[in-house]
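Here's a quick look at one strand and the pockets around it. Have the viewer open while you read.

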Amino acid sequence: MVIYIRSMSKILHRHGYVIYRGLVDSFPDDILASLRRRANDKAEPIFNNVAANDNRRKQLDLPLCNPKIKEWIDSVEYVLRDTHPLQHLAFRNWVALQSLPGCKSQQPHSDYVPNAEFLEKMSEWESGVQDIEKMPLLCLVAIMPNTYLDIWENTVGLIAKSEDELAYCASVYPKITRVKLCLQAGDVLFFRPDLIHAGSQFEEENLRLHVYLDSPSIHRIPNKTYIINRHGGYWLRSLVPM
């Protein structure tokens, strides 16, 4: 088991993400029905496509004041901690993400802004000055079939590079392409804070869970994303196709 966990952790830091298939096996019908009702009534639109927001991608804070939902989420957290090295990280801001039929793709982004603190900490984690298991992560839990997420492969560390470094990367890197990951109910995706990703388009309604795995080593700016086409420099935008 220890060898397996270490292997999966290496995959995460090499590729920027790792998927555990069928990890969560408890989906109480009453809880899922309650989340869907709440999402339909109370979920708020979040940023989405390049043009005017289609308002078909929404977010709902999980009502952890509800004892049944809190007990279920606690059981999910226990499984996640038992499977992946998360001992240094804290679960924060569980939400349900809802995509309505016809929801367009998000713009490529990272959920952490590469400010001075982020760049310093990432350098420490990558060089081994700090334990890399203290790096914050993000997590997506599929609770419905055909749950998608778009990622841009080979983008680990990219948002931490200077424009000069990115210009060099553009001359030697293979073309970075958008890849659509597909999760089934019970699958869990962990990904790094520097992985460039985006919510996929959906032809059918989809509900999934998202949570931040925060590190005490770095402050996460709430409700702040780093949208490549808006906030990135010329070479970063050139390397990451829409």
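Six bridges tie strand β6 (residues 137-142) to β11 in an antiparallel pairing, with Leu137 sitting opposite Leu213 of β11. Strands here are DSSP E runs of at least two residues, numbered from the N terminus, and two of them pair if DSSP finds at least two bridges between them. Antiparallel to β11 there's also β4 (residues 90-99), joined to β11 by eight bridges; Ser99 faces Asn206 there.

Bear in mind that this is a predicted model: local features need pLDDT of at least 70, side-chain atom pairs count only at pLDDT 80 or more, and totals for chains, interfaces and linings use all residues. Numbering starts from 1 along each chain as its sequence is written, and side-chain values use heavy atoms, with hydrogens and water left out.

Nine of the nine residues of β11 (residues 206-214) are buried, so the strand is largely enclosed by the rest of the structure. Buried means under 20% relative accessible area (1.4 Å probe, protein chains only). Asn206, Arg208, His210, Tyr212 and Asp214 are on one side, and Leu207, Leu209, Val211 and Leu213 on the other.

Now the pockets: open sets of 1 Å grid points over the protein atoms alone, where a 1.4 Å probe fits, with protein on both sides within 12 Å along at least five of seven lines; lining residues have an atom within 4 Å of a point.

| Pocket | Volume |
|---|---|
| Largest | about 600 Å³ |

Closest to the centre of the largest pocket are Ile46, Gln59, Asp111, His210 and Tyr212, out of 26 lining residues. Asn206 is among the residues lining the second largest pocket.

Conventions
Buried < 20%, exposed > 50% of the residue type's maximum accessible area, 1.4 Å probe, protein only. Helix = DSSP H or I, 4+ residues; strand = E, 2+ residues; numbered from the N terminus. Points joined across faces, edges and corners; volume = space filled by probe spheres on them.
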